[in-house]
Amino acid sequence: MSLVSSHTHALSINPATGEQIGAYPYQSEAEQDAALSRAAAGFAQWKRQSIAERASRLNALAQALRDNSEAMARMISLEMGKPLPQARGEIEKCAQLCLWYAEHGPAMLAPEATLVENDKARIEYRPLGPLLAVMPWNFPIWQVLRGAVPALLAGNTYVLKHAPNVMGSAYLLLDAMQRAGFPEGVFELLNVTPDGVSSAIADRRIAAVTLTGSVRAGIAIGAQAGAALKKCVLELGGSDPFIVLNDADLDQAVKAAVIGRYQNTGQVCAAAKRLIIEQGVVAEFTRKFVEATRALVMGDPLASDTYIGPMARFDLRDELHQQVQATLAEGATLLLGGDKVEGAGNYYQPTVLANVTEQMTAFKQELFGPVAAIISARDAQHALELANDSEFGLTATIFTQDLERARQMTDELETGGVFINGYSASDPRVTFGGVKKSGFGRELSHFGVREFCNAQTVWLDRR
């Protein structure tokens, strides 16, 4: 039983035990107004800082993250169930992100030449202003910083509205930003209800909006941003195809598929959700995949050998189980798992569904949890057709030893990213984002730096 109401507080519930571990009172309208005023005032100063000074703050943030890595990783594990080694990896990845942008980002903001004669015109990148970021719980620090770091380097300020169940992680990140020496107002934290989010989007002090979340949330946030004539970036869900052709190295494909499907307990937007296997190897792949999945250790996320932790929210486990049951009723074969784990924790058995077809729930909907759907393809062309038969388009994977054929297949895949002989991942060196109902806009690489910039034309002495 919660000690306080979820109507007045953001509640942090340990999904491994079901116990409440934190309650954070929602901010009043006056407190939200003050936060937005600080972000606006901070922008007026921050945009005038040199890019080199902004980069130095990113270097300092990398150090602050590393200095507080264990506390932050433990908070992630307690709040949303990520196994502790994976949580530590998330913090280190964030530190490396900061260092990479501090080194390479400034060049991405340099004035850009045009084809105007005598070099009289150029494009200069100016920050837009305070950004409102509505972020999810599945990567409580990485999801925030992969958008915030390039935006801050460009001179924007950042107002974070984090998921209610990871507010402890959000406050630790705020502390790290302060330790790194970011001025007041450059990174602000909102703890508000959906009504507070709506009023922030409409507020004249917010220049643009970014969301990582569900399609339903994307529709709502996108509509509100559009009504306010504000740019938005939406990174929504995915039902990513993981294609394995007959000539693939099956051992490598299976290893990548297991990681790609079950890391973070399957709660990854760009996870390998639909395993599309060419029929010549589907039987052998399936046998090896089930064997490898069965070997995964499920348990306490704080234990060193745990790979599968609890799902982050109890309502999402219920939804996942309904999707599994629906798929089985539609004719799929259950090879492993398929049920909730009894007890106080929010665990779901690592699950493998075989003989999944295009008409089934597990094919059509996103499964955000430890459930894999295996689909047989007649040939490479059929695999492409199955991959594109989705309302989502985030990433795709192809395993084959014929790299030329894989390269040709990428031309046909309707996704924001394609990964050949490796599972999908986000990396600051390459852009990340989707098409179709996976959203629009891009994060990371130079796209992430410029996404929330005014690309301003400066034409000198135009006579």
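Which residue stands opposite Arg274 in strand 14? The answer is in point 5 of these notes.

1. Basis. This is a predicted model, in which local features need pLDDT of at least 70 and side-chain atom pairs count only at pLDDT 80 or more, while totals for chains, interfaces and linings use all residues. Residues are numbered from 1 along each chain as its sequence is written, and side-chain values use heavy atoms, with hydrogens and water left out.

2. Overall layout. The protein is divided into domain 1 (9–236 + 438–459) and domain 2 (240–428), with bounds that come from an automatic or database domain assignment. The C-alpha centres of domain 1 and domain 2 lie 29 Å apart. Their contact (heavy atoms within 4.5 Å) takes 32 residues from domain 1 and 33 residues from domain 2. An unreviewed UniProt entry annotates residues 9–458 as "domain: Aldehyde dehydrogenase"; such annotations may be inferred rather than shown by experiment, and the positions are given in the numbering used here. Over residues 9–458 the chain is 42% helix and 21% strand. Helices (H or I, at least four residues) and strands (E, at least two) are DSSP runs, numbered from the N terminus.

3. Strand 6. Of the 5 residues in strand 6 (157–161), 5 are buried, so the strand is largely enclosed by the rest of the structure. Buried means under 20% relative accessible area, exposed over 50%, and partly exposed in between (1.4 Å probe, protein chains only). Thr157, Val159 and Lys161 point one way from strand 6, and Tyr158 and Leu160 point the other way. In a regular strand the side chains alternate between the two faces of the sheet.

4. Neighbours of strand 6. Strand 6 pairs with strand 5 in the parallel sense over 5 bridges; two strands pair if DSSP finds at least two bridges between them. Right-handed means that, with the strands pointing away from the viewer, the path from the first strand over the helix to the second runs clockwise. Strand 6 and strand 7 are also paired in the parallel sense, over 4 bridges. Here the chain crosses through helix 6 (residues 167–179), and this crossover is right-handed. Leu160 is the bridge partner of Ala133 and stands opposite Leu189 in strand 7.

5. Strand 11. Here 7 of the 7 residues (272–278) are buried, so strand 11 is largely enclosed by the rest of the structure. Strand 11 pairs in the parallel sense with strand 10 (residues 240–244) over 5 bridges, and with strand 14 (residues 371–377) over 5 bridges. Asp240 stands opposite Ala272. To settle the opening question, Ala373 in strand 14 stands opposite Arg274.

6. Helix 7. In helix 7 (residues 194–202), the buried residues are Gly196, Val197, Ala200 and Ile201. They lie on the same side of helix 7 because they cover an arc of only 140° around the axis, taken from the directions from the helix axis to the C-beta atoms. Among the elements they pack against are helix 1 (29–46), strand 6 and helix 8 (215–227). The face turned away from the buried side carries the exposed residues Asp195 and Ala202.

7. Two single residues. Ser445, in helix 15 (residues 445–450), is buried with a relative accessible area of 6%. Asp119, in the loop between strand 3 (112–113) and strand 4 (121–127), counts as exposed at 65% relative accessibility.
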